[in-house]
Amino acid sequence: MASDIWQPKIDRYVDAELSDEEMRAMDAHLRECSSCAAQALRQMRLKHDTKLAARRYAPSPQFRRKIADQVRANQVRTDQVGARRPVSWRWGWAPLLAAAAIVLMVAGIFLSRSSEQARSGQLLSELTDIHVANLAASTPVDVVSSDRHTVKPWFQGKVPFTFNLPELAGSPFTLVGGRLTYLDHEPGAHLIYNIGAHHISVFVFRDQPDLAHAFSTGESSRDVLKFHVESWSVHELRYFVVGDASDESIHKLTSMWKEAENR
């Protein structure tokens, strides 16, 4: 069977480990083979659920504060014991304690930045996973329509916000439809557009601190795996545009959405 040739490659496809040529060939095959598309979708959902499970056991802010309070309490007790020591003993250790404090401070800053970078990469990776998994599904959208006046009302009552869709007349884009999606347990809107043979996803969520940190300060676009991602925030909403179309096409659709939200 033809599928026997492709199925061993699905794991590498999901992890974006195939070459550019193989990725394009697999994309074309998945659009024609429902069996392989279903298997790819299962793998992507498993990957997505695994990431969610890993984050479920991440230390909460309350737990971090509790540890910090315990550390401060231990430091107070240590200082009280040290106060009974001869002055010469305390000052003899001062340079070493100062050096250790600097090392710990630098390490804390590094770990904090590393954690933020890992978190932002995780969020963007989840968005690209949703984008690809949804395209491999047998029903990519819940509301099928190229009419923005049909798609926008469909989201009423399903997401806790409203948004405007751009007018596509005279543009190279076609609205396929929309669906409800989730990111970090937050409901959002997922709109799908076509431009030629390429698909572009537009995600809309309420703006949250984690979503705001998905990009570095001053950064509004990034390449994630094989996809170009642009993001911005307006009216307390966070937008992401994801696709394998040209950077110019992604930027053009982004500009159209920004204009629609500023109307």
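Q: Which residue stands opposite Arg179 in β3?

A: This is a predicted model, in which local features need pLDDT of at least 70, side-chain atom pairs count only at pLDDT 80 or more, and totals for chains, interfaces and linings use all residues. Residues are numbered from 1 along each chain as its sequence is written, and side-chain values use heavy atoms, with hydrogens and water left out. Strands are DSSP runs of E with at least two residues, helices are runs of H or I with at least four, and both are numbered from the N terminus; two strands pair if DSSP finds at least two bridges between them. Here, Arg179 stands opposite His190 in β3, and nine bridges join β2 (residues 174-183) to β3 in the antiparallel sense.

Q: How many bridges pair β3 with β4, and in which sense?

A: Strand β4 (residues 198-206) pairs with β3 over seven bridges, also antiparallel, and Ile192 stands opposite Ser201 in β4. Two residues lie between β3 and β4 in their hairpin, where Gly196 in the turn has a positive phi of about 65°.

Q: Why is β3 described as largely enclosed?

A: Buried means under 20% relative accessible area, exposed over 50%, and partly exposed in between, with a 1.4 Å probe and protein chains only. Nine of the 10 residues of β3 (residues 186-195) are buried, so the strand is largely enclosed by the rest of the structure.
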